[in-house]
Structure formats: C-alpha cells, structure tokens
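Please look at the sequence and the structure together, and take your time in finding each part as it is named.

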Amino acid sequence: GLSAGGRGPTPPPLAPPPAGGVSMASLHNLCASLWPTARALALYFGPLLLGIGAAWLIERSAIRTHSRGPRVSDAQANALHALNLALTLLLPCAYSYWGDLSYGAGIVLLLLACTLFMKLTSWAHAHHDLRLANAEALEESAAQSPPPPGATHDFSSLAATISRFATDVQHTESAAHYPHTVTMPRLLYFVFAPTLCYQEAFPRSPSVRPVYVLSLLLRGLVMCLIIVFISVQMIHPLLRNSEPAVVARDMPKLLERLIKLALPVTYVWLAGFYVFFHVWMNLLAELLRFGDRLFYKAWWNAVTFEAYWRLWNLPVHHWIARHVYFPALRKRLSKAAVGFIAFTVSAVFHELVIALPLKSGHMPLAFLAMMAQVPLVAVSAAINARVAGTPFAQLGNYLFWIAFCFLGQPAAVLLYYVHCTGVLYH
C-alpha cells in the first residue's frame, strides 16, 4: 500500500530481536563468515608453528644424560630434522603457488617460511654439533676418576666443561649450556630474534627504550608511505605507458622506459632496504633486548659484487657462511665450487619468494639474475685488481650502481609486470 503522503509503499516493520539475545542463525552466519579467515590463517601459519614444535621435540628426544640415553639416535634426529625442514618450506610453497593468495600475501608467507627454514636449519645444525660434543664429554667423564674433594669444577657434563672457558662472558641471557638450553622459550626467542644463526646465549641490552621504539615506528610509517607514493604515482604509470612498446617490441622505446624507471625503482629499493634492515630489524632487536645490532655494512661503497653481497645483508651472509660455505669447504671442495653453491642456494630462495606468489615458475628471472652474479663477481674482482691504487679505483662502484639501478632492477620490474598483467597475451 501507499503511505499517508502517497510517496510509496510503507516499509514493513523491523522484526524484534529474539528474547534470548543472538539467534542461532546469526551465530551460524558469523561462524560461516569467519571460517575462510580461520582456514587461511591455519594454512598460513599451521606448518610454521608445527615446524617450530617439531624442531624442539626432536632435540628434546635426542638429549643424552648420565642417567639415560637418547630416545632417538643422532642419525634419526638428523633425518627427522630434514623431514621437518622440508615440510616447513614445501607446504607454504605449495599453498602460495596453487592457492588463491594475493601477490603480497604470498610473498609475506614465503618470506616467513624461508626465514623459519633457515632458522630451524641453524637450530638443527648447531644442536647436531652440541650432541656430539655432549657425548664426548660424557664418555670422557665416565673414563676419568672421581674429582677430589673441594674441586672447583665438575667436569662430568658438557656444560661444566664449557663453563671453564665462559666464566668471563658478560651481558648474556644466562650461563646455561646444552642440554639445559633445549627449551621452548629459548627456541621462540631465537625464532623472533633478528638473526638466522643459533647460539646458546645471545648478547642482551640492559633495557627497552620506549622513545627509540616510537622513533623507529614513526620512521617506518613515513618510509612506507613514501614507498607507496612512489609506486603509485611514478612506477605504475610508467609501467602502464610501457605496454604499447612491449606489445610492439619497440626496443628504443623500451630502453627509454627502463631509463625512466631507474630512479623511482632505485628510490623504492633504498627505502625498502632502510625499512627492513634498519627500522624493522632494530625494532625487533630493541623489543627483544637483542644486543647485536650490526645488520649491514657500507655496501653502497662496494667496488666489487662480492663485497656487495658480503656487506648488504649480514644475517643471510653469516647463515650461508656458517651452514653452507664452511661445511662445503670441509668436504674439500674448491673455493670456486663452494662460491657457486652458495649463490645457487641464495638464488633458489630468491626464486621461491618472488616467482611462486607471482605464478611465474616458467620464467625464473630471480634465479637467473642471482646466478648472473657469479661471472659478475669474477669480472668485477678482475677490474678492481687492475685499477686498485689508480685514479680509477672506484670504477667498480660505478659499474655496480649502473648494473643494479639502470639495468637489472628496472628490467626485472618491467618483465614481472608484463608477466602478471598478461600484456603480451591480450
């Protein structure tokens, strides 16, 4: 019917709320709406949390003391760690590639998965050495006669043996040693700490500085806004304007677009480096009172590509040196072969983080770009050896900035944009 003013039908009266509060139907609808989010979170973080718990449980089961032997042997513990590491990395990779994640969510998930994989690899590797050292200490103490009364040290365990050399260490979290360090709180601290290499005790700062934390948050917010502004206002329009040249395969026009892309892409790269390696890493370190704050060195002055890769990301450099480079050298491989293996490992991680979320496994740009560093390292080292001590001693630094900022990164951004938008297929 019409209302009194003749302006249209009278709306039906609202149904009164149920007397008992929220109805079962509304609860069902709420659960139905939350289920996709809960499922996504479980698929996101389930393998990562299970990997942390499994790593701790494996090491607890491998502890050997005077009173009992280990529940699992050293070989079994290594095999279980290998299986756990594989699942920790492969499950997020599969979900990122075949799931319905956005690019950003996929990259974040795989960054977390690769970081946790590297941390748990260090946990397993370090505890393998600690298990062997503990077994030797127990065997040595069993072969010795009981210590005389009033002896200062008890050499019946690995912890007591290490304590002879660690009594002067200050500002560490505790003086405990294996097997007393195999605890879930210590593992969780290592997982969240801004380092990839496990050790029994980390240097700790005396307290958290709230003003410094606030300054880091403000700096990070400002830099993130700058990154978004440059990406939206400068990089994206240039990429859109590059589509006709890509379709027509107009190489002079593409070269012009690459030159125009060089500066904004470099700005975003430098701002992203500052946000992650300076703001984010220092924020984690401050909140966790982590004492080692050296996350990078002056890579911008590098005159060789080897110096750049050694200085710009110290946590990853230390991890590769400790768990890839030196173990391979102990297998009596040549330094050239070990360097190639180290770059291959780094290239695989770069490809996983970038290519899988973008569904571009058939176009391994990140992998090829990383492997291209192997000859560039040799070439830049040869050039630096020729010009060292001359007025052209900084020639390698010029070549580094040209290769990264005017050739490599703009080309990679354009190629990934072409792949993700499907410009060539429209």
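The paragraphs below go from a pair of helices to a surface patch, a salt bridge and some details of the backbone.

This is a predicted model, in which local features need pLDDT of at least 70 and side-chain atom pairs count only at pLDDT 80 or more, while totals for chains, interfaces and linings use all residues. Residues are numbered from 1 along each chain as its sequence is written, and side-chain values use heavy atoms, with hydrogens and water left out.

Two packed helices are described by the angle between their axes and the distance between the axes. Helix H8 (residues 251-287) and helix H14 (residues 395-421) have axes that come within 8 Å and cross at roughly 105 degrees; helices here are DSSP runs (H or I, at least four residues), numbered from the N terminus, and axes are lines fitted to C-alpha atoms over the stretch in contact, with angles from 0 to 180 degrees between N-to-C directions. H8 is therefore roughly perpendicular to H14, a term that covers angles of 65 to 115 degrees. The contact (heavy atoms within 4.5 Å) involves residues including Leu254, Val265 and Trp269 of H8 and Trp401, Phe406 and Gln409 of H14. By class, this contact of H8 with H14 has 15 nonpolar, two polar and no charged residues.

Phenylalanine 406, which lies in helix H14, also belongs to a nonpolar surface patch of about 920 Å², together with Leu263, Tyr267, Phe392, Leu395, Tyr398, Leu399, Ile402 and Leu407. Such patches are made of residues with over 30% relative accessible area and no salt bridge, with nonpolar side chains joined within 5 Å. H14 gives the most to this patch, with six residues.

The whole structure holds eight salt bridges, each a side-chain nitrogen of Lys or Arg within 4 Å of a carboxyl oxygen of Asp or Glu. Glutamate 286 and arginine 209 form a salt bridge at 3.0 Å, N to O. This pair joins distant parts of the chain, 77 residues apart, with glutamate 286 in helix H8 and arginine 209 in the loop between helix H5 (184-192) and helix H6 (210-241).

The peptide bond from tyrosine 178 to proline 179 is cis, with omega near 5 degrees.

Key: Helices (H or I, at least four residues) and strands (E, at least two) are DSSP runs, numbered from the N terminus. Angles under 35 degrees count as roughly parallel, over 145 as roughly antiparallel, 65 to 115 as roughly perpendicular and the rest as oblique. Ala, Val, Leu, Ile, Met, Phe, Trp, Tyr, Cys and Pro count as nonpolar, Asp, Glu, Lys and Arg as charged, and the others, Gly among them, as polar. Patches are made of residues with over 30% relative accessible area and no salt bridge: like charges are joined within 9 Å, nonpolar side chains (Val, Leu, Ile, Met, Phe, Trp, Tyr) within 5 Å. Accessible areas come from the Shrake-Rupley method with a 1.4 Å probe; for residues, only the protein chains shown count as cover.
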